[in-house]
Amino acid sequence: MNNLGSDQNELEYQAALAEASYFFDNEPIPGTEKADRFKSLLKLIDSYESINFPI
């Protein structure tokens, strides 16, 4: 996600949340492509939230 303040990145963030939600309900097997995708999504979500929703 580049330019984390843009509307496009808000859409990417929402899409990442939706896709990650599936993996929370259907945990992928460690070491698979799906597990790697899940890990990448979580990193993107964390990055977006740390910039846009600081505690």
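Modeller: The protein chain exposes about 4,200 Å², of which carbon and sulfur atoms supply 53%; accessible areas come from the Shrake-Rupley method with a 1.4 Å probe, and for residues only the protein chains shown count as cover. This is a predicted model, in which local features need pLDDT of at least 70 and side-chain atom pairs count only at pLDDT 80 or more, while totals for chains, interfaces and linings use all residues. Residues are numbered from 1 along each chain as its sequence is written, and side-chain values use heavy atoms, with hydrogens and water left out.

Of the 55 residues of the protein chain, 22% count as buried (under 20% relative accessible area; exposed is over 50%, partly exposed in between, with a 1.4 Å probe and protein chains only). The protein chain has two helices and zero strands; these are DSSP runs numbered from the N terminus, helices being H or I of at least four residues and strands E of at least two.

Now to the contact itself. The axes of helix H1 (residues 7-25) and helix H2 (residues 33-52) come within 9 Å and cross at roughly 135 degrees. Axes are lines fitted to C-alpha atoms, for helices over the stretch in contact, and angles run from 0 to 180 degrees between N-to-C directions. H1 is therefore oblique to H2 (under 35 degrees counts as roughly parallel, over 145 as roughly antiparallel, 65 to 115 as roughly perpendicular and the rest as oblique). The crossing of H1 and H2 is left-handed, a term used if the near helix is turned anticlockwise from the far one by less than a right angle, clockwise being right-handed.

Contact means heavy atoms within 4.5 Å. Among the residues that make the contact are Asn-9, Tyr-13, Ala-20 and Phe-24 of H1, and Phe-38, Leu-41, Ile-45 and Tyr-48 of H2. By class, the contact of H1 with H2 has 11 nonpolar, one polar and five charged residues (Ala, Val, Leu, Ile, Met, Phe, Trp, Tyr, Cys and Pro count as nonpolar, Asp, Glu, Lys and Arg as charged, and the others, Gly among them, as polar).

Ala-20 lies in helix H1 and is buried, with a relative accessible area of 1%. Not counting residues up to four places away in sequence, Ala-20 touches Phe-38, Leu-41 and Ile-45. The C-alpha atoms of Ala-20 and Leu-41 are separated by 6.4 Å, although these residues are 21 apart along the chain. Asn-9, also found in helix H1, counts as buried because its relative accessibility is 2%. Asn-9 and Tyr-48 are 39 residues apart in sequence and 8.5 Å apart in space, C-alpha to C-alpha.
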